[in-house]
Amino acid sequence: MNQFVLAMEIMGTVAFSLSGSMTGMKRRMDLFGVIVLGLVTAVGGGIIRDLVLGITPPATFRNPVYAAVSVAVSVVAFLPVTRGWLAQTHALYEKIMLVMDSVGLGIFTVVGIRIAHDVMQQENLFLLIFVGVITGVGGGVLRDVLAGNTPYIFVKHVYACASILGALVCALLWRRMGDAVAMLSGCAVVVVIRLLSAKYRWNLPRAGG
């Protein structure tokens with residue numbers, strides 16, 4: 001099971017790193033800025049999660065593999081050949097951003113619940129969902145703040161709501177179906193809701209309109 005969780009974390013790290021680095025390139029940042037955005041997006045939610053759960057130092061600093069993967073992905077994304085290809089395929093660029101962000105959100109939401117289960121002495125549904133959502137959206141919030149954008153979770157396609165629903169599914173299935181099925185199911189719910197909301201432009205009501 002540890003290998004399964006590690007594989008999901010690496011996939012989530014790659015997805016969020018690419019999302020963050022592509023945001024940096026869209027804002028015309030230099031290599032350092034692109035790396036920082038990729039790194040913050042990938043590990044920011046996990047750091048917040050660990051601090052909430054009292055895990056110190058956070059896993060990111062105890063096991064640098066996540067940071068190393070994030071930096072490597074950001075550097076590859078920044079290469080001229082990669083940037084040139086993305087510039088020529090703007091529509092594909094937007095689709096890649098959407099898919100990577102959705103996959104990263106789903107994976108880190110359920111990984112957050114897994115970590116919470118490992119350290120909690122008594123099961124607490126609210127804490128599980130809260131930690132899952134914080135793990136999923138935390139990095140993206142930090143990315144958007146650093147990039148000078150309104151955080152994605154406040155304006156785009158029921159972003160945080162998808163994480164909440166996925167976290168709820170994962171938490172409720174944990175004891176009934178086992179952790180692997182619960183994590184895969186919760187992740188799938190997040191990704192499907194995100195993609196459908198983008199396709200059909202689902203949004204929550206907004207102030208002033």
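Arginine 28 is exposed, at a relative accessible area of 76%; exposed means over 50%, buried under 20% and partly exposed in between, for a 1.4 Å probe and protein chains only. The model is predicted: local features need pLDDT of at least 70, side-chain atom pairs count only at pLDDT 80 or more, and totals for chains, interfaces and linings use all residues. Residues are numbered from 1 along each chain as its sequence is written, and side-chain values use heavy atoms, leaving out hydrogens and water.

**Backbone exceptions**

Arginine 28 sits in the loop between H1 and H2. Helices here are DSSP runs of H or I with at least four residues, numbered from the N terminus. Although not a glycine, arginine 28 has a positive phi of about 60 degrees.

Arginine 201 also has a positive phi, near 55 degrees, in a residue other than glycine. Arginine 201 belongs to the segment after H9. Arginine 201 counts as exposed, with 66% relative accessibility.

Proline 57 lies in the loop between H2 and helix H3 (59-62). Proline 57 is partly exposed, with a relative accessible area of 42%. Its C-alpha is 18 Å from that of isoleucine 134, a residue 77 places away along the chain.

**Helix pairs**

Axes are lines fitted to C-alpha atoms over the stretch in contact, and angles between N-to-C directions run from 0 to 180 degrees.

| Pair | Angle | Axis distance |
|---|---|---|
| H1 (residues 2-26) and H2 (residues 31-53) | about 145 degrees | 7 Å |
| H7 (residues 125-147) and H8 | roughly 135 degrees | within 9 Å |
| H8 (residues 159-177) and H9 (residues 179-200) | about 160 degrees | 7 Å |

H1 crosses H2 in a right-handed sense; right-handed means that the near helix is turned clockwise from the far one by less than a right angle. From H1, Thr13, Phe16, Ser17, Gly20, Ser21, Thr23, Gly24 and Met25 take part. They meet Val34, Leu37, Gly38, Thr41 and Ala42 of H2. Contact means heavy atoms within 4.5 Å. The H1 contact with H2 holds five nonpolar, eight polar and no charged residues. Nonpolar covers Ala, Val, Leu, Ile, Met, Phe, Trp, Tyr, Cys and Pro; charged covers Asp, Glu, Lys and Arg; the others, Gly among them, are polar.

H7 and H8 are oblique to each other. Angles under 35 degrees count as roughly parallel, over 145 as roughly antiparallel, 65 to 115 as roughly perpendicular, and the rest as oblique. The crossing of H7 with H8 is right-handed. H7 contributes Leu125, Leu128, Ile129, Gly132, Val133 and Val137. Their partners in H8 are Tyr159, Ala160, Ser163, Ile164, Ala167, Leu168, Ala171 and Leu172. By class, this contact has 12 nonpolar, two polar and no charged residues.

H8 and H9 are roughly antiparallel. Their crossing, too, is right-handed. On the H8 side stand Tyr159, Ala162, Ser163, Leu165, Gly166, Val169, Cys170, Leu173, Trp174 and Met177. Facing them in H9 are Asp179, Val181, Ala182, Met183, Ser185, Gly186, Val189, Val190, Ile193 and Arg194. The residues of the H8 contact with H9 split into 14 nonpolar, four polar and two charged.

**H8 in detail**

H8 has 19 residues. From first C-alpha to last, H8 reaches 26 Å, close to the expected 27 Å at 1.5 Å a residue; the expected span is 1.5 Å times one less than the number of residues. Its buried residues are Tyr159, Ala160, Ala162, Ser163, Gly166, Ala167, Cys170, Ala171 and Trp174. An α-helix has 3.6 residues a turn, so residues three or four places apart point the same way.

**Valine 191**

Valine 191 is part of helix H9. Valine 191 counts as buried at 17% relative accessibility. Leaving aside residues up to four places away in sequence, valine 191 touches Ser102 and Val103. Isoleucine 107 is 84 residues from valine 191 in sequence, yet their C-alpha atoms are 9.0 Å apart.

How values were computed. Helix = DSSP H or I, 4+ residues; strand = E, 2+ residues; numbered from the N terminus.
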